[in-house]
Amino acid sequence: MSQGFSIELYFDPALENQVLKAWNVLARRQISTQLIEIESRPHITLFSSPFLDPAKLESVIKSFASKQEPLPLSFSSIGAFPNENNVLFLSPAPTMSLLQFQAQVCEAIKKEGIEIGEEFKADAWIPYCPVAQEVPKTRMAEAFCVLRELKLPVSGYAMDIGLVEFSPVREHFSFGLGNSIDT
């Protein structure tokens, strides 16, 4: 049973490997393995909804991606959402280009009649790259210490945009930014 759909921004291989390094360290310490288990890929979620028709969005996202350039990213801090999911994340510098990119994605899908939830509206969206989910409360401090060992900032580029269904994660499609050829 699908829990939902997300439009995700994917990174260049070097930046993706830096995030995977954090996932693997946390997994080896048995702090969190969930992102690995659900077969996720390092990403920033641009939009999420419990119900979507992937076919309806494929041409919209493909067209959007072809008009974009790879987006510079710099993960400069570590954060947490201390809720029932206890998510730890790397936080990118919220550059104007990243914020505008996300707002334009939402505008494009809104034109298709898809409602944009409050947390994805331009003045409320928080960009983040999850590195751990469902961290036990008693291990949050240890997880932060592990993540502080990463040499931040880590920088690179967002290179692709895709639509996934979760969980487990199953990619429906992805397209390279600035590239009209399927990836």
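This is a predicted model: local features need pLDDT of at least 70, side-chain atom pairs count only at pLDDT 80 or more; totals for chains, interfaces and linings use all residues.
## Reading the model

Helices (H or I, at least four residues) and strands (E, at least two) are DSSP runs here, numbered from the N terminus.

Residues are numbered from 1 along each chain as its sequence is written, and side-chain values use heavy atoms, with hydrogens and water left out.

## Helix α3 and its surroundings

Helix α3 covers residues 54-66, 13 residues in total, and reaches 18 Å from its first C-alpha to its last. That is close to the 18 Å expected at 1.5 Å a residue, where the expected span is 1.5 Å times one less than the number of residues. Its buried residues are P54, L57, V60, I61, F64 and A65; buried means under 20% relative accessible area, exposed over 50%, and partly exposed in between (1.4 Å probe, protein chains only). An α-helix has 3.6 residues a turn, so residues three or four places apart point the same way. Among the elements that cover the buried residues of α3 are β1 (4-11), α4 (96-110), β6 (154-166) and β7 (170-176).

I61 itself counts as buried, at 2% relative accessibility. Contact means heavy atoms within 4.5 Å, and I61 touches I7, I109, I161, F173 and F175 when residues up to four places away in sequence are not counted. For F175, which lies 114 residues from I61 along the chain, the C-alpha atoms of the two are separated by 7.8 Å.

## Two helix pairs

Two packed helices are described by the angle between their axes and the distance between the axes. Axes are lines fitted to C-alpha atoms, for helices over the stretch in contact, and angles run from 0 to 180 degrees between N-to-C directions. For α3 and α4, the axes come within 10 Å and cross at roughly 145 degrees. Their crossing is right-handed; a crossing has that hand if the near helix is turned clockwise from the far one by less than a right angle, and is left-handed if anticlockwise. On the α3 side the contact is made by L57, V60, I61 and F64, and on the α4 side by F101, Q104, V105, A108 and I109. These residues divide into eight nonpolar, one polar and no charged, where Ala, Val, Leu, Ile, Met, Phe, Trp, Tyr, Cys and Pro count as nonpolar, Asp, Glu, Lys and Arg as charged, and the others, Gly among them, as polar.

The second pair is α1 (residues 13-28) with α5 (residues 140-148), whose axes come within 10 Å and cross at roughly 140 degrees. The two helices are therefore oblique to each other: angles under 35 degrees count as roughly parallel, over 145 as roughly antiparallel, 65 to 115 as roughly perpendicular and the rest as oblique. The crossing of α1 and α5 is right-handed. Here A22, V25 and L26 of α1 meet A143, V146 and L147 of α5, a contact of six nonpolar, no polar and no charged residues.

## Backbone points worth a look

Most residues other than glycine have a negative phi, and most peptide bonds are trans. The loop between β6 and β7 holds S167 and P168. A cis peptide bond joins F166 and S167, with omega about 0 degrees, and the bond from S167 to P168 is cis too, with omega near 5 degrees. P168 is exposed, with a relative accessible area of 52%. The C-alpha atoms of P168 and A93, 75 residues apart along the chain, are separated by 29 Å.

Positive phi values turn up at E39, near 60 degrees, and at N86, about 40 degrees. E39 sits in the loop between α2 (34-37) and β2 (44-49) and is exposed, with a relative accessible area of 58%. N86 belongs to the loop between β3 (71-81) and β4 (87-92) and is buried, at 6% relative accessible area.

## S91 in strand β4

Our last stop is S91, found in strand β4. S91 is buried, with a relative accessible area of 16%. Leaving aside neighbours within four places in sequence, S91 is in contact with S74, F75, S76, S77 and P127.
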